[in-house]
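Here's a quick tour for anyone meeting this structure for the first time. Keep the sequence and the 3D view open as you read, and hop between topics as you like.

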Amino acid sequence: MAQVNSRAVDVINLMHYSLLQTDFATGTMAPTLAAALPSVQFVGDSLTHLDYHLRDATWDNGRPVLATDVAFTLKLMHCPELPNEGERTHFSFIRELLLDPADPRHFTLVCRGQAPEYRLDSGDFPILPENPLDPTHSLRQFSLATLQDWPRSTAPAPAVAALVQRYQQADPGHHPERLAGCGPYQLAAWEGNHSLTLQRKKKWWGDRLPTAPLVLQARPKQLQFLILPDDAAATLALRRHELDLYPQVSARDFQRLQASATAHRELAFYSGPSYDIVIAGFNTRRPAFQDKLTRQALSCLFDAKSLLAGTQLGQGSRTVGLLPPTSPFYNDSLPLPAYAPARAVALLRQAGWQQIGGTWKRAAQQLAFSVRYRADETTFETVALQFRAAAAAVGIPVALRPTEASTLTEALRQGDFDVCVRKLKGNPFAFNFLPILHSQSVGEGNFTGFGTPASDRLLEAIAAVGQPGRKRLLLKQFQMMLQKEAPLAPLFVLPYRLAADRHLVQVYPSGLRPGYSAATLTWAATPSPDH
Amino acid sequence: MNARGPTRFASGSAYWGAVAWLALVVGVGVLGPWLPLPYPPATPDLAHIAIPPGWGNSAAAHYFGTDPAGRDVLAELVFGARELLTLSLPATALATLLGASAGGAAGFWGNRGLALPLAIGPLALAAGWWLLALPYWLISSIILLIISFLIFIYQWKFARLGPRRFAGVTLPLPLDSLVLGVATLLSAVPRLVLVVALAAGPPLSTSQLLAVLVLVAWPDTARLVRAQMLRVRVQPFVEAAWASGLPEWRIWWRHALPHACQPLWASAPLSLAGLIGLESTLAFLGIGLLPTTASWGHLLGTLRQEPTAWWLVVGPGSALLFTLLALQEVARQLSGLHSSKEYFNKTASDVTAAHLRTKIK
Amino acid sequence: MHLLPTPLEELTLGESSDLSHVGSPRRLADRQAAQRALYHRLGLEEPVFYVSRSAHAPIRWYWHGTHNQYHRWVQQLLRGNLGYSYRTGQPVLALLQSALLYTLPLMAIAIGLATSLAIWLALGFALAPAEGGGWQALGRTLLMSLQAVPLFALALALLLLFANPDLLNILPADGMGTAYPPLGGLAWLAAYGAHLVLPLLSLVLAVLPGLVLPLENALRHELATPYSSTARAKGLTAWQVAYQHALPNALLPLFTTFTGLLPALVAGAVVVEVLFALPGTGRLLAEAAAAHDYPVVLAGVLLTAGARLLALLVADVLYYRADPRLRPSS
């Protein structure tokens, strides 16, 4: 469980199976090591019980994957000094794992709090074998909660310290071969920062399954991942068949490849809506942006339609809120935000601003501000330039402040910005906007500083609701609220783009990372038709 | 063999071409905001992103095409000339000036050549103490100032009374080690790492950016001039000047430095290209100037998003090339003029005069 | 795809406003706890240096003793340990070693090629009459144009020209092979060579103008001096005069320029490494600088500083050998 970034996760998922994994065909979580999705039972008003049954899976040495392995993984996650602070926080809601003395493959997760997304989230971590790391079962004497609540000022228990030392010495993060998982692939070669080769295990438990569901298929005998930092070089490598599949192609490269006749003969192109949305956020703590009329007015100055056409070249879609139009919860009765400088001027006047001597003034305030965005993103730069030009046309001076990624995150968290342009990553599984819009998340994910008692209540209700009909109603209300309050202006939903060899089938392209299903890829004799 | 004669200077059409081009760049740069451009700079035309040059009969065509953010290349070129005048050229000039004087002094005086009065020592210490606000800053600074003053009085008084042991003590400034040390320290950090690290901070204003560019560019010049100075210092004409009893600074300034700066005529235009190249590399890596600041290097950097857009190379690339060629040509002419006629005459007369004086002595 | 990764904290803790994980909402307190744990593991809780100064008035100085990050870093350094990368947790030494494995051979070949080519070209240019045309004038203009083209544009152009199925599809786009199982012996050498052609070509073409043009200038200057005229009067050919008499003198002020290339041996070339996907030191350092991975940046700076010092030493030794008058004793 070494420190991971999203690219590493994609590879780890092929070597180490989790309880649940993404099924790219349907865009949902499907049981992998678990035999089925867990059954949920709410206990009282603050606990959730998730009941899991494990599949008949085995480790490479033939030992079965048992509930004790899951318990060990969760406990290992909470051992100090291991590089998994992120996971530790993420899975802190799982407080205990109850083993079933009668069935070693059956266990119950006790979760603090009640949220619909616990069901899927609780199975999203790779399971590690207990025996190689802890042959004496020394962690079994501690409960999960004991390890979670261990005071940081106290030295860890000797057994824990010894285990941590063993783990650090084995360093499985950099030597995955020392800790074989129960996934179908093993690491064959790894050249840091350049390439990584995985090989299919010859004997793997999944082969015994009569009909393997999609998440348990492992077709390629060998998978090679290359890190090509430059887009142009990656495109050429694809054309030269040094690559067979290229996810997250830039809009221009995608268009260029599609335009080339030879490339079009050899490659298949896939694209569709992703769950990432480009937004402009207003710092509602600034006096000028405290009233929603000003925020609405400035939202009218973003030309989302032209920006989408210009930067995404025909793919992607506009949206009324933070949900993609393909979502069943999308509120299609709301109008799409439109570029309307005249309306912006009217709204500004309504908000009390007056144009005096070429500048907009209200009492002692003057409407002049800066836009911050990530310096290395052309799309953001284009958005900022368009906004600046549109604002200048109605007499609002706007300065641009492209900022390096880490500095920007810190500045946003501390509220050191006026307007920012950025990307919000979403997912199709759950709708929980608490981290970005709830008043309790100010200083954390809620960088706009927005939050009224009413909006907080609405967000909490959305996060807790399970029933689809009510959920639809609440989410439609949420999108309406977002347009009215305008703490952020949703601009457009980014598309995903993927180009692959025409003979590769079962790609299952998707807006979810990594964008395709690596383990199901198969070479077909006949090229796949156009998509 | 020597083609740098005055005859070529007079008839050099290349020279006049170079001057004309530089005048054009300066003119366009100065008059940029008042030129009738079809599109303003730093404004994206979202309907025409990265389109090739066109002369369509529409009222406002993109004569030089647009870049991947939809900005008009012609407008960016014109305002890029302005940026060249306000940033890149001054940065090169300042870096060359700083590098030449620092390197020249280091090579000329070495580690022991330049002696400062002893009183400077405590004075500098007092200033440092004061600026850093070290503990007891007021008292300590005052005590150091008094010490400095006492030393000054003592040395000044006894120097008049007659030679004493302490009176003659000076503080030799290790100029060579100092300059080399700072230059090495600066260039030890790879240029790009330095700029990436700086870019991680708050955005830079133009004058700060200028300072950063000068900071990264001067050590090369300094080392080059120092190396040449080591050689010039022991040339007969400099030794003759020493022997003739000319004041130190005059030998340095009039005799040694012009000779030591000889390689700069070739290297200064190159270092301008280096700075512009650094700028475009930064744009390539996604760091650097504001997108509202037009710059040729930045424009070249946008090539990464659109590698087949030849018009992003041809426009700024040829503007850059012509400017460099022109600067090189002008530099060549000026240095030719310098070394072949005036400069050698002057040196010769100075040296002859010095010879004569030594003879008279 | 971004060249520069998001910073350390984001990598470990995840971006706070990232909704792509299904998960319990994280609050400020959760994140602060995670942040503390992270800082504790990386040893970032301690003060940076022995002393620190309060940022605001009244200005005070604080003494922290030996419990500071710098002290521990130097202690480890003296034991030959450069520390561990914040990002990957790997020993910095191992990271640098594996990166140098790609950078050193590439840069050594590139610098060797560029230097010999530069001397040969400069001699050729300097011997041609300045007025006359011929290949020299063309070559000089070409070099000047090369000087105006940034390295990345040059490398990109080479890539699009020689590794493009639509144009010339003769060289690999990738800077190193990806064969698995690995090739052996001659096959490996051939593949390695083919993969290195484009990176090498871009590097050589990029440094050539900076070497040739000043050298030519110096050569012309030396050829105009009386001793060259004397040598010619003795009946030596123009080539002999230039090579045996003018070149050693002309090289003298340029030793620093040539030895100035040496640090690049270990520092690498970011742009080329990015374009040709080479996991060399340039990319390592640039990515570390952007992600604030200070142990790696510091080690890289130490390494290049060492190389720079060595280069200066080499330059000085060369000076004294070439021109005994410059020796400190004289």
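Which elements of chain B have the lowest and the highest mean pLDDT? The lowest belongs to helix H1 (residues 6-11) of chain B, with a mean of 42, and the highest to helix H2 (residues 13-31) of chain B, with 88. Bear in mind that this is a predicted model. The points below start with chain B, then move on to a sheet in chain A, a few loop residues and a helix pair in chain C.

**How confident is the model in chain B?**

- On average, chain B has a pLDDT of 75, and 77% of its residues score at least 70.
- One stretch to treat with care is residues 1-11 of chain B, where the pLDDT is below 50. Beyond near neighbours in sequence, residues 1-11 have 16 contacts in the model.
- Another is residues 340-361 of chain B, also with a pLDDT below 50. This stretch has 23 contacts in the model, again leaving out near neighbours in sequence.

**Chain B at a glance**

- Chain B contains 13 helices and 2 strands.
- It has 361 residues, and 45% of them count as buried.
- Take the contacts in chain B with a separation of 6 or more: 71% of them come from residues 24 or more positions apart.

**Two helices of chain B that cross**

- Look for helix H3 (residues 73-109) of chain B and helix H8 (residues 206-232) of chain B, whose axes come within 6 Å and cross at roughly 35°.
- The crossing of H3(B) and H8(B) is right-handed.
- Sorted by class, the residues in the contact of H3(B) with H8(B) are 22 nonpolar, 9 polar and 3 charged.

**Where chain B meets chain A**

- Chain B puts 21 residues into this contact, and chain A puts in 23 residues.
- On the side of chain B that touches chain A, 14 residues are nonpolar, 6 are polar and 1 is charged.

**A three-stranded sheet in chain A**

- In chain A, 3 strands make an open sheet with antiparallel pairing, in the order E13-E14-E15.
- The edges are strand E13 (354-356) and strand E15 (365-366) of chain A, each of which pairs on one side only.
- E13(A) and E14(A) run antiparallel and are joined by 3 bridges. Here you can find Gln355(A) opposite Trp360(A) in E14(A).
- The hairpin of E13(A) and E14(A) has 2 residues between the strands, and Gly357(A) takes a positive phi near 60° there.
- Lys361(A) stands opposite Gln366(A) in E15(A).
- E14(A) and E15(A) also form a hairpin with 2 residues between them, and Ala363(A) in the turn has a positive phi of about 50°.

**Loop residues with a positive phi in chain A**

- Some background first: most residues other than glycine have a negative phi.
- His241(A) is not a glycine, yet it has a positive phi of about 65°. You'll find His241(A) in the loop between helix H8 (231-239) and strand E10 (245-247) of chain A.
- Is His241(A) buried or exposed? His241(A) is exposed, because its count of other C-beta atoms within 10 Å is 10.
- Tyr508(A) isn't a glycine either, and has a positive phi of about 45°. It sits in the loop between strand E20 (504-505) and strand E21 (522-523) of chain A.
- Tyr508(A) counts as buried, because it has 21 C-beta neighbours inside 10 Å.

**A loop residue and a helix pair in chain C**

- Ala163(C) lies in the loop between helix H6 (151-162) and helix H7 (185-223) of chain C.
- Ala163(C) counts as buried, because it has 24 C-beta neighbours inside 10 Å.
- Ala163(C) and Leu198(C) are 35 residues apart along the chain, and their C-alpha atoms are separated by 9.0 Å.
- The axes of helix H8 (residues 226-233) of chain C and helix H9 (residues 238-251) of chain C come within 10 Å and cross at roughly 140°. This crossing of H8(C) and H9(C) is right-handed.
- H8(C) brings Tyr227(C), Ser228(C), Ala231(C) and Arg232(C) to the contact, while H9(C) brings Val241(C), His245(C) and Ala246(C).
- By class, the contact of H8(C) with H9(C) comes out as 4 nonpolar, 2 polar and 1 charged.

Definitions and conventions
Residues numbered from 1 in each chain as written. Chains lettered and ligands numbered in written order. Predicted model: local features only at pLDDT ≥ 70, side-chain atom pairs only at ≥ 80, totals over all residues. Helix = DSSP H or I, 4+ residues; strand = E, 2+ residues; numbered from the N terminus. Buried ≥ 20, exposed ≤ 12 C-beta atoms within 10 Å, placed from the backbone. Axes fitted to C-alpha atoms, helices over the stretch in contact; angles between N-to-C directions. Left-handed = near helix turned anticlockwise from the far one by under 90°. Nonpolar A, V, L, I, M, F, W, Y, C, P; charged D, E, K, R; others polar. Pairing = 2+ DSSP bridges. pLDDT = per-residue confidence, 0-100. Contact = placed C-beta atoms within 7 Å.
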